[in-house]
Amino acid sequence: LNCETSQTVFLGVHLDDRVAFTNDYDLMTNGFLTAPIYFPGTALYAAVQGRHRAMARLERAVNSSRRAMAKPNAEPDCLLDFWSIEVNEQCAHAKEAGEKEPHFANDHDMADSIMDFLFASQDASTASLTMITATMKEHPEILARVVKEQDTLRPNDEPLTYDLVQEMTFTRACVLEQLRLQPPAPMVPMLAHGPFPVSYTHLTLPTKRIV
């Protein structure tokens, strides 16, 4: 369910084979937990090959999105489409000015970023979905109100749209409260590459300290 949601939000109709992509994505993810032994037949080898295939599908998705969004009156269907519109405009401006296209305006680099987005979304989204499911089990009266709102707004299980989600006031309130109670990523440690002043204090961390 989480993979399906992420693929729909980021890639929409441009991902040509979701089952094959999900299988390759799983192989790649499992590779992080395997022994660092790389030759045919090992899990790490399967993970690397899976990533190559997944990246090829993402590159085709990027190409499909950019071609679709270059058409007159094209309507974006996913986040990649919105990004493609922006990239296409930047490329057009560069061409008019006789300049090179932006360095990121190619299928491979855009696909690489999409892979990062997918990978980052899986961990946080999975954690949040798991926690809100447990919370709803502990509070059936809240779950009943969420179900009632969904039945009212989507009586025939209509697909989600931005405008429809904006009408889900109680469902959205539950999601925000869950994120407040149990944020999936409470901190993101980073390495300071220079003296780093700490906000609202008089402290400055020295170089190479964890922020």
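Visitor: Is Lys208 buried or exposed?

Guide: This is a predicted model, so read each value as computed. Over 50% relative accessible area counts as exposed. Lys208 has a relative accessible area of 67%, so Lys208 is exposed. Look for Lys208 in the segment after strand S2 (204-205).

Visitor: What is the phi of Lys208?

Guide: Start with the general idea. Most residues other than glycine have a negative phi. Now the case here. Lys208 is not a glycine, yet its phi is positive, at about 70°.

Visitor: Which loop holds Asp157, and what is its phi?

Guide: Asp157 sits in the loop between helix H6 (140-153) and helix H7 (162-167). Its phi is near 60°, again a positive value in a residue other than glycine. Asp157 counts as exposed, because its relative accessibility is 59%.

Visitor: Where does Gly98 lie?

Guide: Gly98 is in the loop between helix H4 (79-96) and H5. Its relative accessible area is 67%, so Gly98 is exposed.

Visitor: How far apart are Gly98 and Gln150 in sequence and in space?

Guide: Count along the chain, then go from C-alpha to C-alpha. Gly98 and Gln150 are 52 residues apart in sequence. In space they are 52 Å apart.

Visitor: Now helix packing. At what angle do H1 and H5 pack?

Guide: Take the angle and the axis distance together. Helix H1 (residues 2-11) packs on helix H5 (residues 107-138) at about 140°. Their axes are 10 Å apart. Over 145 degrees would count as roughly antiparallel. H1 and H5 are therefore oblique to each other. The crossing of H1 past H5 is right-handed.

Visitor: Which residues of H1 meet H5?

Guide: From H1 come Asn2, Cys3, Ser6, Gln7, Phe10 and Leu11. Facing them in H5 are Ile114, Phe117, Leu118, Ser121, Gln122, Ser125, Thr126 and Leu129. By class, this contact of H1 with H5 has seven nonpolar and seven polar residues, with no charged ones.

Visitor: Pick one of those residues. Is Ser6 buried or exposed?

Guide: Under 20% relative accessible area counts as buried. Ser6, in helix H1, has a relative accessible area of 5%, so Ser6 is buried. Set aside its neighbours within four places in sequence. Ser6 is then in contact with Leu11, Leu118, Ser121 and Gln122.

Visitor: How many aromatic pairs does the structure hold?

Guide: The idea comes before the count. A pair of aromatic rings is described by the distance of the centres and the angle of the planes. The structure holds six aromatic pairs. Phe10 and Phe117 form an aromatic pair, with ring centres 6.0 Å apart and 15° between the planes. That pair is stacked. It links distant parts of the chain, with Phe10 in helix H1 and Phe117 in helix H5, 107 residues apart.

Visitor: Is Phe10 buried or exposed?

Guide: Phe10 is buried, because its relative accessible area is 14%.

Visitor: Which residues do ring pairs link into a cluster?

Guide: Phe21, Tyr25, Phe32 and Phe119 are joined into a cluster by ring pairs.

Visitor: Back to helices. At what angle do H1 and H2 cross?

Guide: The axes of H1 and helix H2 (residues 18-31) cross at roughly 115° and come within 11 Å. That makes H1 roughly perpendicular to H2. H1 passes H2 in a right-handed crossing. Cys3, Glu4, Gln7 and Thr8 in H1 meet Arg18, Phe21 and Thr22 in H2. Sorted by class, the H1 contact with H2 has two nonpolar, three polar and two charged residues.

Visitor: How do the axes of H5 and H8 cross?

Guide: H5 and helix H8 (residues 169-181) have axes that come within 10 Å and cross at roughly 105°. H5 is therefore roughly perpendicular to H8. In H5, the residues are Ser128, Met131, Ile132, Thr135 and Met136; they meet Cys174, Val175, Gln178 and Leu179 in H8. The contact of H5 with H8 divides into six nonpolar, three polar and no charged residues.

How values were computed
Residues numbered from 1 in each chain as written. Predicted model: local features only at pLDDT ≥ 70, side-chain atom pairs only at ≥ 80, totals over all residues. Heavy atoms only, no water. Axes fitted to C-alpha atoms, helices over the stretch in contact; angles between N-to-C directions. Helix = DSSP H or I, 4+ residues; strand = E, 2+ residues; numbered from the N terminus. Parallel < 35°, antiparallel > 145°, perpendicular 65-115°, else oblique. Left-handed = near helix turned anticlockwise from the far one by under 90°. Contact = heavy atoms within 4.5 Å. Nonpolar A, V, L, I, M, F, W, Y, C, P; charged D, E, K, R; others polar. Phe/Tyr/Trp six-rings, centres within 6.5 Å; stacked < 30°, edge-to-face > 60°. Buried < 20%, exposed > 50% of the residue type's maximum accessible area, 1.4 Å probe, protein only.
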